[in-house]
Amino acid sequence: MEIPYTVEPRPDTGAYNAKIGIWLFLASEVMLFGGLFSAYVLLRVGAAPGEWPHGWLNVTLGTINTLILALSAITTLLAWAACKFRQFARFKFFHACTLLLALSFLCIKMYEYHDKWIHYEIQLTDGRIADGHMIKNDPKTDYVVIEGRYVSDPKDLYDLRAQKNIPHDEIKIPRAQIKSMENYGPWHHTYLAIYFTLTGLHALHILGGSLVIGFLWGPGSRMWQTDPERFTNRVEVSGLFWHFVDLVWIFLFPVLYLT
Amino acid sequence: MSESPVTGLKSYVRRCALVFLAVLCTTSMMITASFANLGGWPVKVAAILAIAVVNACIVAGFLMHLLSEKKTIYIVLGFTAFFFAGLMGLTVWAMHDMPPGTSFH
């Protein structure tokens, strides 16, 4: 039995079924991310004055990722246009570019996560705080080494943008002086909790989209020989999902990195 | 898509280059606004989000072809916008709700 309306539009909707399906799916995705953005707003306005971080993320890396994702959205559209114009070799080229860009995005994101993972706030017994990236934390030694600085007021750790020339010295701290120590994981601050949740979910979408695009680029492209119209529609549907992922990042970037 | 394959694809590439340029401009504007002194945090956030909305409209309009879509899809999007606005409206409404006795340390 042949599946109806995979190529020709349904008379009542005016579009083929997969297109209606992807838009309904994207509508549910808007509500999923909308709920998390709503959580972000409530966490932010509920934070105590002066205790919401500014400048904790690297704007340069965020900007590079924004441009990478924008470029990948363009190559996705060009891959679909190449199918429409019956240029299969171009389709392969553009979709390969999309996959490489998606991989680059994920690599940069992983680097950013790693940067937070090795960043520690260490409470000392004398009341000071040592803050910086862990260089040495060997349980066999009676000290840890970080690259960072000492602060006496915890509020100095929040607004990094307002501070110029933050020192990054190598500091050796005896374990006997350490009261508590915690890295910048999701448990460290509500900002990091919502940051990891939002960007983690977004990264999963990138991963999922890449798998679909990879399938269409690889084994799935065999359909081009038998049913090029239907294959083109599959490329369009996967492209719509990819553009949505780009749209989400367009809001994530300013909300998390710039405001 | 009545043009020849080569010229058709080339015109698409040109159009996409313009879209990318527009995205590049809006991204630069957001970063500039973020570091500029705009006279207060709410103004700054509003300016940055307004530019982000323009950026999103460019992507949705040109790359997702929403400028020339079917009526059914506009209806789906209309419902989505309604419920999204409701969600954000409830968020704004509840923004300053704190349980009695809440204090900041």
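User: Which residues lie nearest the centre of the largest pocket?

Analyst: This is a predicted model. In it, A:Phe37, A:Phe251, B:Val53, B:Phe84 and B:Met88 lie nearest the centre of the largest pocket. The lining counts 34 residues. The volume is about 1,200 Å³.

User: What makes a residue part of that lining?

Analyst: An atom of the residue must lie within 4 Å of a point of the pocket. For the largest pocket, 34 residues pass. The most come from α1(A), with eleven residues.

User: How many residues of the lining of the largest pocket are nonpolar, polar and charged?

Analyst: The lining divides into 29 nonpolar, four polar and one charged. A:Phe37, A:Phe251, B:Val53, B:Phe84 and B:Met88, nearest the centre, fall under nonpolar, because Phe, Val and Met count in that class.

User: Why is the contact of B:Glu69 with A:Lys19 called a salt bridge?

Analyst: The rule asks for a side-chain nitrogen of Lys or Arg within 4 Å of a carboxyl oxygen of Asp or Glu. Here the closest N and O atoms are 2.9 Å apart. That is within the limit, so the pair B:Glu69 and A:Lys19 qualifies. Across the interface of chain B and chain A, the rule finds one salt bridge. Six residue pairs there are in polar contact, both partners at pLDDT 80 or more.

User: Which elements build the side of chain B that touches chain A?

Analyst: In chain B, α1 (5–35), α2 (41–63) and α3 (71–93) each give two or more residues. The most come from α1(B), with 16 residues. By class, this side of chain B has 37 nonpolar, ten polar and three charged residues.

User: How do you know how much surface the two chains bury?

Analyst: Interface size is often given as the accessible area lost when the parts come together. Chain B and chain A bury about 4,500 Å² between them, 83% of it on carbon and sulfur atoms. The contact takes 50 residues from chain B and 58 residues from chain A.

User: What lines the second largest pocket?

Analyst: This pocket holds about 570 Å³ of space and is lined by 25 residues. Nearest its centre lie A:Gly55, A:Trp56, A:Leu57, A:Lys116 and A:Leu160. In chain A, α2 (59–84), α3 (88–117), β2 (129–136) and β3 (143–151) each supply at least two residues. The most come from α3(A), with four residues. By class, the lining has eleven nonpolar, seven polar and seven charged residues.

User: Which residues line the largest cavity?

Analyst: From chain A come A:Thr76, A:Leu77, A:Trp80, A:Val235, A:Glu236, A:Gly239, A:Leu240 and A:His243. From chain B come B:Leu63, B:Met64 and B:His65. The most come from α6(A), with five residues. The lining divides into six nonpolar, four polar and one charged. A:Glu236 lines the cavity and counts as charged, because Glu belongs to that class.

How values were computed:
Residues are numbered from 1 along each chain as its sequence is written. Chains are lettered from A and ligands numbered from 1 in the order in which they are written. This is a predicted model: local features need pLDDT of at least 70, side-chain atom pairs count only at pLDDT 80 or more; totals for chains, interfaces and linings use all residues. Side-chain values use heavy atoms; hydrogens and water are left out. Contact means heavy atoms within 4.5 Å. Buried area is the accessible area (1.4 Å probe) that two parts lose on being put together, summed over both. A polar contact is a pair of N or O atoms within 3.5 Å; within protein, one must be able to donate a hydrogen and the other to accept it, and residues adjacent in sequence count only if both atoms are side-chain atoms. On a 1 Å grid over the protein atoms alone, a cavity is a set of points where a 1.4 Å probe fits but cannot get out, and a pocket is an open set with protein on both sides within 12 Å along at least five of seven lines; lining residues have an atom within 4 Å of a point. Grid points are joined across faces, edges and corners, and a volume is the space filled by probe spheres set on the points.
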